[in-house]
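Subject: Structure handover

Hello,

Please find the structure we talked about below. My notes on what was found follow it, and you can read them with the model open.

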Amino acid sequence: MNSMKNFIFAIFILIILAAIGAVIYNWSSLAGLWQGKEILVGDIGATPSTALRQQKTSEPLSSGATIESTPSYQKPAENAIIKFPIFNYHHIRPMPRMASSTISDRAFTVSPEGLEAHLRYFKDNGYQVVSVYNLLDYFDTGRPLPPKAVAITFDDGYYGQYQWAYPLLKKYGMTATFFIIVSNVGKPNVLTWAEIKAMSDGGMVIGSHALSHPHLSALDDEQLRKELVDSKTILEEKIGRRVNLLSYPAGDYDERVIQFTKDAGYQAAMGVYKIINQSPKYRYSIRRFHADDWLESVTEKLAGY
Ligand SMILES: [Zn+2]
């Protein structure tokens, strides 16, 4: 009788163990599915939409649970206004000495320590550095930007952007867009194709800053088309990804330049304004702030944001 009881008890324990096993198996395969999705997203490469998704996957609330949800957003009106500060940098390098440089040299330089102070400020104060594509996504679908979103861009493709800016961006888990003057690549103090490709592969967005940095509005139609189309095509061949963003050299553009930019297949273009407001109707003249070595050049633009 006792052995019968023991037998039934053993069967009971086995059933319990099997049930626990089934639950654990389901959990782990579900977790595996989530991980698989994240790997897939990361593997597509830093095409613009992926760069966007990479930023989104780094948000604390977006992993796993929200992947399958399809919230419906309302696309904003053409003249809708959204606040979104975008900071623009040029040289990242040790600050040139006063005696051997011009004011402009120093105004367009941010030292590696200066840049790190900016990035640390964003991080410590809850600003989320996202891609310019997050703004375009808002324009196209109405998907809101994360709270306290900011973006970072670099113009002119100077060597220090790879040597100092890129490692700092990686250190802080941030992305940025680099606008390259295509015919300058590989010249002294300018990025090489290998460096540009490495940054693209590393999740940075690469955009065009034209072939030769001319004032675009001063060019005839043929030259203008060549500056826009050839720079885009060459960049795409060199990095193996689509190039959808343009930064107007010297911030110079007019209605004809905008039309040619659209015709060349760019999805948006950056100007150089000193305002925080963005709008779908200014998609081809997105506003950016010039950042210099002073932390205040960033913090004063963020006051009240
Ligand atoms: Zn420039």
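Helices (H or I, at least four residues) and strands (E, at least two) are DSSP runs, numbered from the N terminus. This is a predicted model, and the notes below should be read as such.

A place to start is Gly-126, which sits in the loop between helix 4 and strand 5 (128-129). Is Gly-126 buried or exposed, or partly exposed? With a relative accessibility of 38%, Gly-126 counts as partly exposed, because that class lies between the cut-offs of 20% and 50%. Leaving out residues up to four places away in sequence, Gly-126 touches Pro-147 and Lys-148. Lys-148 is 22 residues from Gly-126 in sequence, and their C-alpha atoms are 6.9 Å apart in space.

Now the whole protein. The protein has 10 helices and 12 strands. Of its 305 residues, 45% are buried. Among contacts with a separation of 6 or more, 68% are between residues 24 or more positions apart.

Next, the nonpolar cores. The largest nonpolar core has 37 residues, and Tyr-89, Phe-122 and Phe-154 touch the most other members. Several elements supply at least two residues each to this core, including strand 2 (86-89), helix 4 (112-124), strand 6 (149-155) and helix 8 (221-239). Helix 6 gives the most to this core, with 4 residues. Another core lies apart from it and has 19 residues, among them Val-130, Tyr-133, Phe-139 and Ala-151.

What does Phe-122 contact, leaving aside its neighbours within four places in sequence? The list is Phe-87, Tyr-127, Val-129, Val-150, Ile-152, Met-174, Val-298 and Leu-302.

Two residues have a backbone angle to look at. Most residues other than glycine have a negative phi. Asp-156 is not a glycine, yet its phi is positive, about 80°. Asp-156 is in the loop between strand 6 and helix 6, and at 10% relative accessibility it counts as buried. Ala-210 also has a positive phi, near 75°, in a residue other than glycine. Ala-210 is placed in the loop between strand 8 (205-208) and helix 8. Its relative accessible area is 0%, so Ala-210 is buried.

Ala-210 turns up again in the surroundings of Leu-246. Leu-246 lies in strand 9 (residues 245-247) and is buried, with a relative accessible area of 0%. Not counting residues up to four places away in sequence, Leu-246 touches Phe-179, Ser-208, Ala-210, Leu-228, Thr-261, Tyr-266, Ala-268, Ala-269 and Met-270. Leu-246 and His-209 are 37 residues apart in sequence, with 5.9 Å between their C-alpha atoms.

Rolling a probe the size of a water molecule over the atoms shows where empty space is left. The second largest pocket holds about 300 Å³ of space. It is lined by 21 residues, and those closest to its centre are Asn-88, His-90, Phe-108, Val-272 and His-290. How many residues of the lining are nonpolar, polar and charged? The lining of the second largest pocket divides into 9 nonpolar, 7 polar and 5 charged residues.

Regards

Terms used
Residues are numbered from 1 along each chain as its sequence is written. This is a predicted model: local features need pLDDT of at least 70, side-chain atom pairs count only at pLDDT 80 or more; totals for chains, interfaces and linings use all residues. Side-chain values use heavy atoms; hydrogens and water are left out. On a 1 Å grid over the protein atoms alone, a cavity is a set of points where a 1.4 Å probe fits but cannot get out, and a pocket is an open set with protein on both sides within 12 Å along at least five of seven lines; lining residues have an atom within 4 Å of a point. Grid points are joined across faces, edges and corners, and a volume is the space filled by probe spheres set on the points. Ala, Val, Leu, Ile, Met, Phe, Trp, Tyr, Cys and Pro count as nonpolar, Asp, Glu, Lys and Arg as charged, and the others, Gly among them, as polar. Buried means under 20% relative accessible area, exposed over 50%, partly exposed in between (1.4 Å probe, protein chains only). Contact means heavy atoms within 4.5 Å. A nonpolar core is a set of buried Ala, Val, Leu, Ile, Met, Phe, Trp, Tyr and Cys residues joined through side-chain atoms within 4.5 Å.
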